[in-house]
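This report goes through selected features of the structure shown below.

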Amino acid sequence: MTPAPRVVDLCPSAPDPADVDARRPLAPADSRGRPLGPADSRGRPLGPANPDPPAPSPADSDPPAPSPADSDPPAPYYPISLSLAGRRAIVVGGGEVALRRVTRLLECGARVVVIAPDVLPDLAALPVTVLRRRYRDGDLSAAWFAHAATDDPAVNAEVAAEADRHRIWCVRADDATASAAWTPAVARYGAVAVAVTAGRDPHRAKGLRYAIALALADGTLEPRSTPAPMTAVFDQPRPAADLLSYVSDGRTPAPDGRTPAPSHRQQHRSTLVAETASSTVERCCSPSLNDSSKQGKRRISDGSVALVGGGPGDPGLITVLGRQLLAEADVVVADQLAPRALLAELDPRVEVIDAGKRPNEHNLTQEEINELIVGKAQAGKRVVRLKGGDPFVFGRGGEEALACARAGVAFHVVPGVTSAVAVPACAGIPVTHRGVTQDFAVVSAHLDPSHPGATVDWAALARGPGTLVLLMAVARLDTVAAELVKRGRDAATPVALISNGTTPDQQVLTSTLGLMADDARRAGLRPPAVVVIGEVVRLREQLVPMAGRRADAPGASPRQGSPRQGSPRQATEIA
């Protein structure tokens, strides 16, 4: 369970003790947050023989930072990775940008303090200290790192100025040119992280990051067989064509800049990745193509809709084409079960619309969604309708395709990995297995079997398929189990209930048909969940101990918080 946030409301007339605590120097801590000893005003450790930090001599003082005009050409930037585990990071701002920055800081183990008069509920719900007031000078005195992420440039400038005085690295979200530090676009693949900077141009950096991430996911780049460090490609400026050859055929430039000839296997790599990387790299590496006058040549008729299946939850399980279309989208209309971690990678100019549907709670009705995607496409926008699983498996993709067809809007469908098969697989359960069962059925169980609108033939399902996979069934487990037993299915049939499948929050409960409803209630199992009924569930006992043995297997990025595919050992075992 996520720890409750510490929310502090301060009035100008009386300082709050929590505010005083938030500005008090912290003793440094190791990666597990354990104190290492006394600290100075910056939280740096003091040895027993040196109780007070020495005053800096004039020789220790830094010269004034040169203005851009004083450095022509500009000095190269110094790339670095920071360990913030157990260290205090201050984020000034409480909006969407602050939420993104705080999320990543928490993933790195930082102790985050948020300062803002108004804070988004999603941000306040995180395990951070929240000071609900405006920033004031001195707030950074105990910080190691700071983010200025308000919508007021004057406040951001004040934060950056204090950080500069205290020699604290600070990132300004509003103005990269006035910032002493900035965050790169990062492509992650297992333990490999590639940070991309592009002359403080976030749009170029994100485009390059996407091309690299795509090549890593597809296997075009093989990090374990790379003879030179992957960062070599960014150590010095290279033409877009050189980077494209690196991305598309897997060759690694040597330190002297020469590129080895491609191997036989590399010559036969997927042309889709090469074409995707080509369009992305050329678009982001050519400044003229980013010019609004060039983009204005697109006709209104260029608008289209892509119905993209995002897979079962793990962001790494979306298809290559799905990621390509996301990178090219003008508008993304996302479902609740879509891989939302991918939305953080989008260009900030992309319009993201939440069309999430929860039980008894819809942001938009289906009719409103149909009108929305058609209207955006008719306005000349490239629309991606991002769904969980496959758009044509209980995703209402057919209804949206028909709406586009009737309006004369161009559309295409990108199939996705359906949760009905993928979630059981990642929990160690194949839905078919030779000698056990040769067929399976997938059923939506969101309606009570006795409901007049229910069209499921439960009698046939009780007698028929060897494996029965139920979606949207958590609220109907009692009635579904009773109906199947009444129609002839053995109450002792093995059952697995898999909640939040393929994600770090995955839970797996094994039971029987007759007991599954009571067991699920006791375990507090909540949707989204996939229910598997059949003898194949018994195979999990043999498959789970061996699954995920390959510790370096590729998967979604740690930043995205996804388990490795086929590694149910990371799930919470309830059975």
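R521 and D478 form a salt bridge, with 2.7 Å between the closest N and O atoms. R521 belongs to helix α17 and D478 to helix α16, so this pair ties together parts that lie 43 residues apart in sequence. The model is a predicted one. With a relative accessible area of 41%, D478 is partly exposed.

R521 also has a salt bridge to D518, where the closest N and O atoms are 2.4 Å apart. D518 and R521 are 3 residues apart in helix α17, which means that about one helical turn separates them. D518 counts as partly exposed because its relative accessibility is 35%, and the range for that class runs between 20% and 50%.

Salt bridges number 18 in the structure. Another one joins the side chains of D137 and R165, at 2.5 Å from N to O. D137 sits in the loop between β4 (129–132) and β5, while R165 is in helix α4, so the pair ties together parts 28 residues apart in sequence. Both D137 and R165 are exposed. Salt bridges also link D335, R385, K387 and E400 in a network.

| Salt bridge | Closest N to O distance |
|---|---|
| R521 and D478 | 2.7 Å |
| D518 and R521 | 2.4 Å |

A161 is partly exposed, with 35% relative accessibility. Between the C-alpha atoms of A161 and D137 the distance is 9.5 Å, and the two residues are 24 apart in sequence.

The nonpolar cores come next. The largest nonpolar core has 23 residues, and the members that touch the most others are L470, L484, L497 and V531. Elements giving two or more residues to this core include β16 (440–444), β17 (467–471), β18 (494–499) and β20 (529–533) among the strands, and α15 (458–463), α16 (477–486) and α17 (516–523) among the helices. Helix α16 gives the largest share, 4 residues. Beyond its neighbours within four places in sequence, V531 is in contact with L468, V469, L470, A473, L477, V495, A496, L497 and M516.

Which strands does β5 pair with? Strands β2 and β5 run parallel and are joined by 4 bridges. A89 has F145 in β5 as its bridge partner. Strands β5 and β6 (residues 169–172) also run parallel, with 4 bridges between them. There, H147 has V171 in β6 as its bridge partner.

R323 touches Y210, A213, I318, L342 and E345, leaving out residues up to four places away in sequence.

Y78, by contrast, counts as exposed, with 71% relative accessibility. Y78 lies in the loop between α1 (17–23) and β2 (88–92). Together with I80 and L82, Y78 forms a nonpolar surface patch of about 400 Å² of accessible area.

Note on methods
Residues numbered from 1 in each chain as written. Predicted model: local features only at pLDDT ≥ 70, side-chain atom pairs only at ≥ 80, totals over all residues. Heavy atoms only, no water. Patch = residues over 30% accessible without salt bridge, like charges linked within 9 Å, V, L, I, M, F, W, Y side chains within 5 Å. Areas by Shrake-Rupley, 256 points an atom, 1.4 Å probe, with all protein chains shown as cover. Salt bridge = Lys/Arg side-chain N within 4 Å of Asp/Glu carboxyl O. Buried < 20%, exposed > 50% of the residue type's maximum accessible area, 1.4 Å probe, protein only. Contact = heavy atoms within 4.5 Å. Core = buried A, V, L, I, M, F, W, Y, C linked by side-chain atoms within 4.5 Å. Pairing = 2+ DSSP bridges.
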